[in-house]
Amino acid sequence: MESYYYNSSTVLKYLRKVLNEINTEYVDSGLRTAFIMKRFSSKYKINEEYASKLVLLCTLKDIGKFYHDSFIDEDKPALVAASSYAFLKHCSPLGDSAKPLLFYGAKYIEGIENDDYYFGLLITLIDQVVRYNFLEYSLDEIADMLVLENTNKYHPDQIKKLIKLLRTEEDIFIKLNEKNSLFVHEVTSYIQHANYTDEELLKYIDMTNFSFEFHNHETLAHTVTVAVIAKELAKLSRLTENQINCIELAALVHDIGKMRIPVSILCKPGKLEPDEYEIMKKHVVYTKEIIEGCFSYKIVDIASNHHERIDGSGYPKGLKAIDLSIGDKIISIADVASALYCKRSYKRSWPKEKIIEMLERDAKEGKQDARITQHLIDNFDYIISLAAEKEKEVLDQKAAMEEEYEALSLSESLTKFFE
């Protein structure tokens with residue numbers, strides 16, 4: 001099995017592809033804002049470590065708007081800011097570094113000395129410049145409009161610095177307006193040079209599952225428990241550390257293709273009709289399309305083979321044991337075990353005895369690998385306890401995010417910055 005190697009560039013590419021599945025406009029706007037922030041940080045000597053986080057924040061600045069399909073009004077910037085901040089604080093490695101986004105869309109109030117507020121205003125200003133550029137205004141027109149608009153709207157010193165930057169570095173608008181998207185490469189290369197640990201990068205991959213959770217409330221617990229079960233089965237199968245990591249990562253992304261499945265089918269509180277089931281089955285193909293080019297081919301294969309069965313009765317290709325790697329077999333069993341264990345819109349969590357009975361039946365009928373299945377049965381209580389711990393952890397994160405958002409949405413001290 002090949003290396004599970006990935007870096008901040010590939011993880012960022014994956015994150016972009018996932019968020020693009022929800023709304024391309026937000027991601028494109030974020031990258032453009034990030035590009036100018038990167039140049040601004042360099043010209044005005046902002047601490048490099050802090051600057052890299054600012055650039056990443058610009059990329060993710062509109063993540064709170066992914067809520068608006070359900071309950072966040074996009075015309076209420078304080079709510080969008082609160083949502084983006086709460087999400088990134090609790091569901092990403094950024095934590096408190098996301099605080100500038102609390103003031104994204106806020107207005108300038110003279111006399112407030114606070115770095116988070118200052119950089120939140122800067123993100124807001126740069127975002128407005130990106131909008132003007134998209135509308136094909138010239139730099140002189142943009143400068144005039146910013147000054148005319150600036151009735152306590154933007155930080156006056158930031159306007160001067162930004163216009164000076166844009167006049168000095170004329171290639172900024174040229175790159176933003178070219179079709180080859182060189183600005184995207186510059187942003188991703190800059191972020192790539194930040195010193196992210198493997199643990200942090202995995203958390204950013206986890207973050208995509210939370211972003212998907214905005215639109216589907218069934219998948220998050222299933223995904224993380226599949227990853228835990230698959231990792232433990234890989235250990236019990238005496239695989240190498242490299243193989244174990246490969247399988248865990250594949251498990252974390254194995255259901256991302258469900259983003260393309262209509263929620264009416266994904267969360268239907270009952271048995272799917274035959275035509276609906278055929279649509280649901282396409283999620284494995286969509287998973288492959290989304291993650292291809294981000295991770296190694298082996299990870300792509302394992303993630304997209306999780307519904308194959310060793311007797312050829314699975315989908316989408318009807319592969320048999322000889323065609324399937326041990327990673328494919330492990331994640332297939334982990335997926336079934338998690339699906340039975342987790343609550344769904346159409347079912348309750350199955351009891352231990354019934355889950356084991358189903359696992360034994362699949363192995364006996366030749367659908368699943370008997371040896372791997374036995375590892376799970378023999379260590380069932382321990383493995384499921386680990387899965388339950390991880391499930392509680394992510395659901396607690398989600399609850400903390402929602403609680404923080406609720407508190408901020410009612411906060412008069414935050415709202416005053418947007419009035």
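A disulfide is a pair of cysteine sulfur atoms within 2.5 Å. I start my notes with that cut-off, and I keep in mind that this is a predicted model.

**Entry 1: cysteines**

I looked for disulfides and found 0 in the structure. Cysteine 246 is in none, and its nearest cysteine sulfur belongs to cysteine 294, 15 Å away.

**Entry 2: alanine 221**

I then turned to helix α11, which spans residues 219-236 and includes alanine 221. Is alanine 221 buried or exposed? Its relative accessible area is 12%, and the limit for buried is under 20%, so I put alanine 221 down as buried.

What does alanine 221 touch, once residues up to four places away in sequence are set aside? I noted two names here, Cys342 and Glu391. I also looked at lysine 392: the C-alpha atoms of alanine 221 and lysine 392 are 8.4 Å apart in space, while 171 residues separate them in sequence.

**Entry 3: cavities**

How many cavities of 30 Å³ or more are there? My count comes to 2. The largest cavity has a volume of about 80 Å³.

I listed the lining of that largest cavity: Ser8, Val11, Leu12, Leu15, Leu56, Ile191, Tyr196, Leu201 and Tyr204. By class, I have 8 nonpolar residues, 1 polar and no charged ones.

Which helix gives the most to this lining? I found that α1 does, with 4 residues. Both α1 (8-22) and α10 (198-213) supply at least two lining residues each.

**Entry 4: the nonpolar core**

In soluble globular proteins, nonpolar side chains tend to be buried together. With that in mind, I looked up the largest nonpolar core here, and it has 129 residues. Which residues have the most contacts inside this core? They are Tyr14, Ile36 and Leu88.

Leaving out residues up to four places away in sequence, leucine 88 touches Leu57, Leu60, Ile63, Leu94, Gly95, Ala98, Leu101 and Met207.

Terms used
Residues numbered from 1 in each chain as written. Predicted model: local features only at pLDDT ≥ 70, side-chain atom pairs only at ≥ 80, totals over all residues. Heavy atoms only, no water. Buried < 20%, exposed > 50% of the residue type's maximum accessible area, 1.4 Å probe, protein only. Contact = heavy atoms within 4.5 Å. 1 Å grid on protein atoms, 1.4 Å probe; cavity = no way out; pocket = protein on both sides within 12 Å on 5 of 7 lines; lining within 4 Å. Points joined across faces, edges and corners; volume = space filled by probe spheres on them. Nonpolar A, V, L, I, M, F, W, Y, C, P; charged D, E, K, R; others polar. Core = buried A, V, L, I, M, F, W, Y, C linked by side-chain atoms within 4.5 Å.
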